[in-house]
Amino acid sequence: MRLDKYLKISRLIKRRTIAKEVCEGEKVSVNHRVAKPSVEIKPGDVITIDMKNHVLEVKVLSTPSSIRAEEAHTLFDVLKDEKKEY
């Protein structure tokens, strides 16, 4: 599954277009490498998202083509969610 689609389906980012923009802005890495929106995601990958106020790191558990919003949190484990200090 493409990274931008996974970010949208897992509800880590609300819209796929925003997920694509964030990836193109080099704010997302997969397995500690900056990733483009088209990178293929598989279970076991670690995704790090560098947001304005915090850094979120998750481990991919599964990559279904669709899932209900209430179950989206089951697609990943949060490894790190910390606020940035300026």
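Tutor: The discussion below concerns charged residues in a predicted model.

Student: In which strand is Glu57 found?

Tutor: The element in question covers residues 54–60. Glu57 lies within that run, which is strand β4.

Student: Glu57 is buried, yet why does it have no salt bridge?

Tutor: A salt bridge requires a side-chain nitrogen of Lys or Arg within 4 Å of a carboxyl oxygen of Asp or Glu. For Glu57, the nearest side chain of opposite charge is that of Lys80. The distance to Lys80 is 4.5 Å.

Student: With which side chain does that of Glu57 form a polar contact of 3.2 Å?

Tutor: Setting aside neighbours within four places in sequence, the residues in contact with Glu57 include His32, Val46, Thr48 and Asp77. The side chain joined to Glu57 by the polar contact of 3.2 Å is that of Thr48.

Student: How many salt bridges does a search of the whole structure find?

Tutor: One of them joins the side chains of Glu70 and Arg68, with N to O at 3.0 Å. Another is formed by Asp45 with Lys42, where the closest N and O atoms are 3.2 Å apart. The search of the whole structure gives a total of 4.

Student: Is Asp4 buried or exposed?

Tutor: Asp4 meets Arg2 in a salt bridge of 3.0 Å, and a network of salt bridges links Arg2, Asp4 and Arg16. Arg2 is partly exposed, at 31% relative accessibility. The relative accessible area of Asp4 is 3%, so Asp4 is buried.

Methods:
Residues are numbered from 1 along each chain as its sequence is written. This is a predicted model: local features need pLDDT of at least 70, side-chain atom pairs count only at pLDDT 80 or more; totals for chains, interfaces and linings use all residues. Side-chain values use heavy atoms; hydrogens and water are left out. Helices (H or I, at least four residues) and strands (E, at least two) are DSSP runs, numbered from the N terminus. Buried means under 20% relative accessible area, exposed over 50%, partly exposed in between (1.4 Å probe, protein chains only). Lys and Arg count as positive and Asp and Glu as negative; His and the chain ends are not counted. A polar contact is a pair of N or O atoms within 3.5 Å; within protein, one must be able to donate a hydrogen and the other to accept it, and residues adjacent in sequence count only if both atoms are side-chain atoms. Contact means heavy atoms within 4.5 Å.
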